[in-house]
Amino acid sequence: MSIQISRVGGVIAAAGGSTAKPTLRIGSVSNVQRLVTTFQQAGIFPIVVVTGVQADEVRYQLAGRGVVFLHHDDFANASLYDSARLGFEYLRGVSGRTVFSPVNAPLTAPSCLTRLLRSRAPIARLSHSGRGGHPVSLSHQAVETIMRDGVSTTLRDAMAASGLKTQWVEAGNEGAVLTVHQEREMRRHIAAHRQDYFHPRVQVTLENEEEVFTPRLKTLLFLLVKTRSVAAACRQVALSPSTAWEMTNRLEAALGYSVVLRKRGGASGSGSDLTPDGFAFLKAWQRYEEAVQLFAITQFGHIRNSLIR
């Protein structure tokens, strides 16, 4: 069974030794919270956050947001490219495109990211006034080419060495090219451009008499496909196994069929996976959610100027 379930997945690199600043607040939220929100507003799923420095605080700040935590064990010596490749490897075959951003570049406005995602070029990059920025959007072909590159030491070099077409997408303001190394300019930008960050945030859940399917449970089901282990899936989504089973049992009772295939013992050991019905449910829900997100973004574009002045 093919694992591809989404149109666009995302990687946020928040690992890098003393250089990454995931919990730095520019405005009222931290860098990693801002980036996750922007990615989710654009309908990106799954979102992998590569953690290292301040990993426990990052997990705490994003608890319940339905993101995947992938810890870089050697984060003190990890480069940004190391974290990118770790995330790319994890999402291989999961989505049609992959969006990447370092946590130190969190100020891309949601509308800029939406514009970037319209590009079908193998490599699409934001720019402003001749300067390259983040995020970067990569096709499946681009990711595979980069992962085969055993020479390049930076993502920029790997993209250049790929020989694939790069489309530069104008961001419209300097938020996309600012990093934490320009903290004063970042704070000035947020103060002067707060209206650029207004965007609908749509969180779709499934309910009958109670809530039975949430973004966190959706991520858990995706992780079961990846890991085939409830314990491993729970670690990567920061969820206790007892809570995971409670959520899963509630969904199955509401749907009237099994979503998770439980396997105990045997020659291959115990484990879990999605049933064919469960995987079909996950893929259908993801398509539905992407359609809802697209509708919300499109309709908001029609009325934005009349709402925000």
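S129 lies in the loop between strand β5 (residues 123-128) and strand β6, in a predicted model where local features need pLDDT of at least 70, side-chain atom pairs count only at pLDDT 80 or more, and totals for chains, interfaces and linings use all residues. Residues are numbered from 1 along each chain as its sequence is written, and side-chain values use heavy atoms, with hydrogens and water left out. Helices (H or I, at least four residues) and strands (E, at least two) are DSSP runs numbered from the N terminus.

**Backbone geometry**

- Most residues other than glycine have a negative phi, and most peptide bonds are trans.
- S129 is not a glycine, yet its phi is positive, at about 55 degrees.
- With 62% relative accessibility, S129 counts as exposed; exposed means over 50% relative accessible area, buried under 20%, and partly exposed in between (1.4 Å probe, protein chains only).
- R228, also not a glycine, has a positive phi of about 55 degrees and lies in the loop between α8 and α9 (230-237).
- R228 counts as partly exposed, at 42% relative accessibility.
- F45 and P46 are joined by a cis peptide bond with omega about -5 degrees, and P46 is found in the loop between α1 (31-41) and β2 (47-51).
- A cis peptide bond also runs from H134 to P135, with omega near 5 degrees; P135 lies in strand β6 (residues 131-139).

**Aromatic rings and charges**

- Rings of Phe, Tyr and Trp (its six-membered ring) pair if their centres lie within 6.5 Å; planes under 30 degrees apart count as stacked, over 60 as edge-to-face and the rest as tilted.
- By this rule there are 6 aromatic pairs.
- F88 and F100 have ring centres 5.9 Å apart and planes at 75 degrees, so this pair is edge-to-face.
- Because F88 lies in helix α3 (residues 80-91) and F100 in strand β4 (residues 95-102), the pair ties together parts that are 12 residues apart in sequence.
- F88 and F100 are both buried.
- One aromatic cluster is formed by F213, F281, W285 and Y288.
- A charge sits over a ring if NZ of Lys or CZ of Arg is within 6 Å of the ring centre and within 35 degrees of the ring normal.
- The charged end of K218 sits over the ring of F45, 3.8 Å from its centre, and that of K226 over the ring of Y90, 4.5 Å from its centre.

**Packing of α8 and α10**

- Helix α8 (residues 215-227) and helix α10 (residues 241-255) have axes that come within 11 Å and cross at roughly 100 degrees.
- Axes are lines fitted to C-alpha atoms, for helices over the stretch in contact, and angles run from 0 to 180 degrees between N-to-C directions.
- The two helices, α8 and α10, are therefore roughly perpendicular to each other, a class that covers 65 to 115 degrees; under 35 counts as roughly parallel, over 145 as roughly antiparallel and the rest as oblique.
- In contact (heavy atoms within 4.5 Å) are L217, L220 and L221 of α8 with A244, M247, T248 and L251 of α10.

**Buried parts**

- Helix α4 (residues 110-117) has 6 of its 8 residues buried, so it is largely enclosed by the rest of the structure.
- Those buried residues are P110, C112, L113, T114, L116 and L117.
- A105 is in the loop between β4 and α4 and, at 5% relative accessibility, counts as buried.
- Not counting residues up to four places away in sequence, A105 touches L35, H134, L178 and T179.
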